Amino acid sequence: MTAAALPRFGIEALNVYAGLARITVPELLRGRGLDPGRQANLMMTSRSVGLPVEDPVTNAVNAARPVIAALTPGQRDSIELLVTSTESGLDLSKSVASYVHDYLGLSRNCRLLEVKQACYAATGAVQLAAGYLASGASPGARALIIATDVALTDERAEYAEPATGHGAAAILVGGQPTVLALDFGAFGAYSYETLDSARPTPEFDIADVDRSLFAYLDCLSGSFADYQSRVDGADFVRSFGYLVMHTPFAGLVKAAHRKLMREQGATAAADADFQRRLLPALAYPALVGNLCSGSVYLALASLLDQAEIEAPVRIGLYAYGSGCSSEFFSGIVGPGSAAAIRAMGIGARLAARRELSFAEYRSLLDVTRHCLVPEPDRVIDVTGYHEFLPDGGQHLVYTGSKQYHRRYEWR
Amino acid sequence: MTDNILAAIARSVRTVLPEIGPDQVRQDRSLSDLGCNSVDRAEVVSLTMEDLGIDVPVNAFSGVTDIGTLADLLRAYA
């Protein structure tokens, strides 16, 4: 097969929703009595905070609604696969996707799935979807992959608390890849069992920081080596105009980049290269925190909004999920990618999030950290959160549960 | 052998944190004691393994508490 004959699939549209509230990192460090000097290591300025009227369903729907609204009815009905990727599952059997499918008004001729592999799963779903679409089994079909999560972290997480985000990324995959044309067959995977972070109960996250950072760095080397074995002449320094990485916090991405540059014998160029190829992808993650498997797509949106992309350019992407599984892959972005992201207004929505004091944050956390605990009946007083909601009546909120059936309303 | 490994750890520590003196990297101290944050610790271990040309699985680090036990582990894979 010649290069020209390779199937061309990828991301047609991308939107990120990162909540309605935020707290600055200095305010959170102050409130917890943590060392303010550590902000420089985190390279973060604020993080998104969830509200009691939000959950993995509302985050997913609020991320995907603008993507769906921009489609014709025929295009919407061509979505034949809906996958929610989450480590914030609401039920051991029923998927988040089942609710999301309803509130997005998608066709009944659609597969529904939920996938889980910590912060990697959305990328696995994107790759499987692109491969399925490329098979030609259903010409013209599209797939919607939504990475959606909520934060449960509290003071037990120490310095991970200010780095934890809240929200969702909606990724429309198809044959008109305006946002990112995937390089077909250009990928590298690297996975093995470890317990670096996990969510063993609906109210508790395990975070072995040293093991997790080490595994993240180890998997970048491992997945890129696999990528190199599949792609003739692949070169970390020269093959990619920009880099986009899963961003638990930007300081780790900087260390990972330095490690790869060192392994390529390019240590001297590392700092300038980081500024040029990675910094644009870190702007939004530094305002939001870790969006779990949506993080690499938040970083992609950041790159496309921040960098001035005047001609098609190849980018390298790295997804890592604890446990652990990882992938390095690549694709082409261009001026049309930036225009498509700009139309979503992500930066303006991030700026519009209401800033919380530490006291407000802590009182919200008292409720939201129980978000995933199964309760048959629950009533949420939505009126208490009206001041957070945008105008327009197009925002989905969680109003409570009845006999485990979750209820939502547009506000 | 231990001395070689301790010397490699010391080189890595001083690459990541140049202000640390060579005599401060002792077996009874942890990387945190020396002022390494979580990213620094991951970099010190990665650099040392690259320096020694060894590869230690992530799960093997669970018993490491100080520079002495880190050196013991690296020696087992050297």
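**View 1. Where chain A meets chain B.** In this predicted model, 15 residues of chain A are in contact with 11 residues of chain B. Two helices of chain A, α7 (209-230) and α8 (250-263), each supply at least two residues of the side that touches chain B. The largest share of that side, eight residues, comes from α7(A).

**View 2. The nine-stranded sheet of chain A.** Here you can follow an open sheet with mixed pairing, whose strands run in the order β5-β4-β6-β7-β1-β8-β13-β12-β11. At the edges stand β5 (111-115) and β11 (242-245) of chain A; each has a single partner strand, so one side of each is left without a neighbour in the sheet. On average, and with direction ignored, neighbouring strands of this sheet are turned by 25° against each other.

View 3. Let us step in to β8 (residues 180-191) and β13 (residues 325-333) of chain A, which pair in the antiparallel sense over seven bridges. Look for Phe187(A), which stands opposite Phe329(A) in β13(A). Helix α7(A) packs on the sheet, where it touches β8, β12 (313-321) and β13 of chain A. The direction of α7(A) makes about 125° with that of β8(A).

**View 4. Two crossing helices, α12 and α13 of chain A.** The axes of α12 (residues 295-306) and α13 (residues 335-342) of chain A come within 8 Å and cross at roughly 105°. Angles of 65 to 115 degrees count as roughly perpendicular, so α12(A) is roughly perpendicular to α13(A). From α12(A), the contact is made by Ala301(A), Leu304(A) and Asp305(A), and from α13(A) by Ser337(A), Ala338(A), Ile341(A) and Arg342(A). These contact residues divide into four nonpolar, two charged and one polar.

**View 5. A cis peptide bond in a loop.** The peptide bond from Gly323(A) to Cys324(A) is cis, with omega near -5°. You will find Cys324(A) in the loop between β12 and β13 of chain A.

**View 6. Two residues with positive phi.** Met43(A), in the loop between α2 (39-42) and β3 (46-49) of chain A, has phi near 55°, a positive value in a residue other than glycine. Met43(A) counts as buried because it has 20 C-beta neighbours inside 10 Å. Gln403(A), in the loop between β16 (396-402) and β17 (405-410) of chain A, is not a glycine either, yet has a positive phi of about 50°. With 6 C-beta neighbours inside 10 Å, Gln403(A) counts as exposed.

Key. Residues are numbered from 1 along each chain as its sequence is written. Chains are lettered from A and ligands numbered from 1 in the order in which they are written. This is a predicted model: local features need pLDDT of at least 70, side-chain atom pairs count only at pLDDT 80 or more; totals for chains, interfaces and linings use all residues. Two residues are in contact if their C-beta atoms, placed from the backbone, lie within 7 Å. Helices (H or I, at least four residues) and strands (E, at least two) are DSSP runs, numbered from the N terminus. Two strands pair if DSSP finds at least two bridges between them. Axes are lines fitted to C-alpha atoms, for helices over the stretch in contact, and angles run from 0 to 180 degrees between N-to-C directions. Angles under 35 degrees count as roughly parallel, over 145 as roughly antiparallel, 65 to 115 as roughly perpendicular and the rest as oblique. Ala, Val, Leu, Ile, Met, Phe, Trp, Tyr, Cys and Pro count as nonpolar, Asp, Glu, Lys and Arg as charged, and the others, Gly among them, as polar. A residue is buried if 20 or more other C-beta atoms lie within 10 Å of its own, exposed if 12 or fewer, and partly exposed in between; C-beta atoms are placed from the backbone.
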